[in-house]
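Open the model in your viewer and keep the selection tool at hand. The stops below say what to select and what is there.

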Protein chains: 2
Amino acid sequence: MPESWFLEKHTRHVGITLEVRERLFEGQSEFQKVEVLDSPEFGRILLLDGAIMFTERDEPAYHEMLVHPPLFAHPRPERVLIVGGGDGGTIRELLKHEAVRSITLVEIDKMVIDVCRRFFPALSAGMDDPKVSVEIADGFAFLDAHRGEFDTILVDSTDPIPLTTENVSGPAEPLFTPEFYGKLHTALRPGGLTVFQSENPFYSGAILAKMHRELRGVFGKVQVYFSNIPTYPGGYWSFTSASDTVDLSRLRVERPPAFLDDLEYFQPAMFPGALVAPRYVDRLLA
Amino acid sequence: MPESWFLEKHTRHVGITLEVRERLFEGQSEFQKVEVLDSPEFGRILLLDGAIMFTERDEPAYHEMLVHPPLFAHPRPERVLIVGGGDGGTIRELLKHEAVRSITLVEIDKMVIDVCRRFFPALSAGMDDPKVSVEIADGFAFLDAHRGEFDTILVDSTDPIPLTTENVSGPAEPLFTPEFYGKLHTALRPGGLTVFQSENPFYSGAILAKMHRELRGVFGKVQVYFSNIPTYPGGYWSFTSASDTVDLSRLRVERPPAFLDDLEYFQPAMFPGALVAPRYVDRLLA
């Protein structure tokens, strides 16, 4: 069998390329193209509209960093909402926290859930947990019907404008607007916080800067922290937290739970260091 | 003119690919193949044996992080040695520190210096500074003749086994051996420290782990810190410092010099955060 290589462009002029063993699935949903690849370096890979959503090998650096900082920073994160996240990786990490009593996942694209249940059963397994309810719905409309309900909301979405589609908006674009930020604010209980995946600062700094500016118009405290994710553009990813009360720089884990020993990426000692950006990023966010 | 793309494999199964506008130089020295590309995304790029040494756009994340942590951590870094670093970027950053009185650069390959002076004049300009002396020599032999002379030694070399050559050693391999670490120790003045570029932990963790273990056999304190460099493998790079006395976690900049405002990447607030690794790296270094 001849070697086959996948290419994802990160801008028009640079990209990552990786060897593919087999294309396990290819389908077109109402919202996007859904593909699953198998690769020698990263195991299985989920693509949406041709962009890598995660690979089995480096997804912990994404899911652990999206979940554990806000969950340890909130004093009592009982009710959690995930917008997007149909692969189940975010649920998997949330279920490690004993304080969590209910998890609602609102995913717009049922095909993502079905495909991940089939090809990534270890990521998706948490969907069957009794604490979890899954709704196939638009996150935007869902929030209108849920006010003051959640302690933490994690926006685990695709990019607003996928690099692969070059300036054509993706299904997640409405989630990166001041109108949506206002709905998140209303859906939180007092003392709550929300965390977004917020792009890589090197190639997509303008998106991060706009988001940061607009979130500051809605929330009292907006903070950005970083993770190394080798298969993402620039190998460098940002997460943005927004809250009226929670300050991630005060993240302390008083009684470290046993699951921390088994994580691949996150450790509490990373904070506040993970909040300190390179200078060029500080300038973007000033 | 048809589009041309350069590919650097980071392992046999994954790589970065970027658009090339023009190949400005190609030559074969006694030690390695030397090339200069011009690219729309990153400006000019130096390749040695087909591997990206630096690009104009993201080199500050490398040179600033190699130089400023040890220079601020050492109480009086007057005499500095660079092993490698023929492009001049490390000299450029060192000259920003007023405490530095002499800089010696020992580069094995004269072609690297000549090519960088021609194609990267902004990086190389510092070579003409009266504080700087440049020697074309093998770092290994040079150290034998210089004992107890330097406050700081920066090992700004190529990789021991370039990924592009697949298990064939490069000219820098002798610099990653206990014998060389011993010579560094001897060449330092009391209170001195040395910092190495030490590979990316995601794909080349075994090299970092071996280096860390062997350095601990020679120096009292060995520490690893990290930087995001988008064009390097995994976008993630490690630096290893070794000293009998200097502790990078105590890095403080009491009177911040004005040049800090103009840096692209480093800021003192990064430390001690930059020293905290993801868990999988801690396990490598345990």
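This is a predicted model: local features need pLDDT of at least 70, side-chain atom pairs count only at pLDDT 80 or more; totals for chains, interfaces and linings use all residues.

**Stop 1**

Strands of a sheet pair through backbone hydrogen bonds, either parallel or antiparallel. For one pair to look at, select β4 (33-39) and β5 (43-48) of chain B, which run antiparallel and are joined by six bridges.

**Stop 1: a loop residue**

Go to the loop between β5 and β6 of chain B and select Asp49(B). Asp49(B) is not a glycine, yet its phi is positive, about 50°.

Is Asp49(A) buried or exposed? Asp49(A) has 20 C-beta neighbours inside 10 Å, so it counts as buried. Asp49(B) has 19 other C-beta atoms within 10 Å and is partly exposed. The cut-off for buried is 20 or more.

**Stop 2: the seven-stranded sheet**

Return to chain B and select the strands β9-β8-β7-β10-β11-β13-β12, which form an open sheet in that order with mixed pairing. Which strands are at the edges? They are β9 (132-136) and β12 (221-228) of chain B, and each pairs on one side only. Ignoring direction, neighbouring strands of this sheet are turned by 15° against each other on average.

Inside this sheet, pick β7 (79-84) and β10 of chain B. The two run parallel, and five bridges join them. Ile82(B) stands opposite Leu154(B), which is in β10(B). Next show α7 of chain B, which packs on the sheet and touches β12 and β13 (236-243) of chain B. The direction of α7(B) makes about 10° with that of β13(B).

**Stop 3: a covered helix**

Select residues 178-187 of chain B, which are helix α6. Which residues of α6(B) are buried? They are Phe180(B), Tyr181(B), Lys183(B), Leu184(B), His185(B) and Ala187(B). Show what covers them: the cover includes α5 (139-144), β10 (150-156), β11 (188-197) and α7 (205-216) of chain B.

An α-helix has 3.6 residues a turn, so residues three or four places apart point the same way. Keep that in mind while looking along the helix.

**Stop 4: where the chains meet**

Show both chains. In chain B, 32 residues are in contact with 32 residues of chain A. The elements giving two or more residues to this side of chain B are β1 (4-11), β2 (14-20) and α8 (279-285) of chain B. The largest share, six residues, comes from β2(B). By type, the residues on this side of chain B are 18 nonpolar, ten polar and four charged.

Zoom in on β2 (14-20) of chain A and β2(B), which pair in the antiparallel sense over five bridges. Select Ile16(A), whose bridge partner in β2(B) is Ile16(B). The copies meet through the same surface, because 100% of the interface residues of chain B are also interface residues in chain A.

**Stop 5: the axis**

Chain B superposes on chain A by a rotation of 180° with 0.0 Å of shift along the axis, at an RMSD of 0.0 Å. The two copies are therefore related as by a two-fold rotation axis. Which residue of chain B comes closest to that axis? Select Gly273(B), whose C-alpha is at 1.8 Å.

Then step back to Pro272(B), in the loop between β13 and α8 of chain B. The peptide bond from Phe271(B) to Pro272(B) is cis, with omega near 5°. In chain A, a cis peptide bond joins Phe271(A) and Pro272(A), and omega is about 5°.

**Last stop: confidence**

Colour chain A by pLDDT: the average is 95, and 97% of the residues score at least 70. The model scores ipTM 0.94 and pTM 0.96.

Key
Residues are numbered from 1 along each chain as its sequence is written. Chains are lettered from A and ligands numbered from 1 in the order in which they are written. A residue is buried if 20 or more other C-beta atoms lie within 10 Å of its own, exposed if 12 or fewer, and partly exposed in between; C-beta atoms are placed from the backbone. Helices (H or I, at least four residues) and strands (E, at least two) are DSSP runs, numbered from the N terminus. Two residues are in contact if their C-beta atoms, placed from the backbone, lie within 7 Å. Ala, Val, Leu, Ile, Met, Phe, Trp, Tyr, Cys and Pro count as nonpolar, Asp, Glu, Lys and Arg as charged, and the others, Gly among them, as polar. Two strands pair if DSSP finds at least two bridges between them. Axes are lines fitted to C-alpha atoms, for helices over the stretch in contact, and angles run from 0 to 180 degrees between N-to-C directions. pLDDT is the predictor's confidence in each residue, from 0 to 100. Copies are superposed by least squares on the C-alpha atoms of residues with pLDDT of at least 70 in both.
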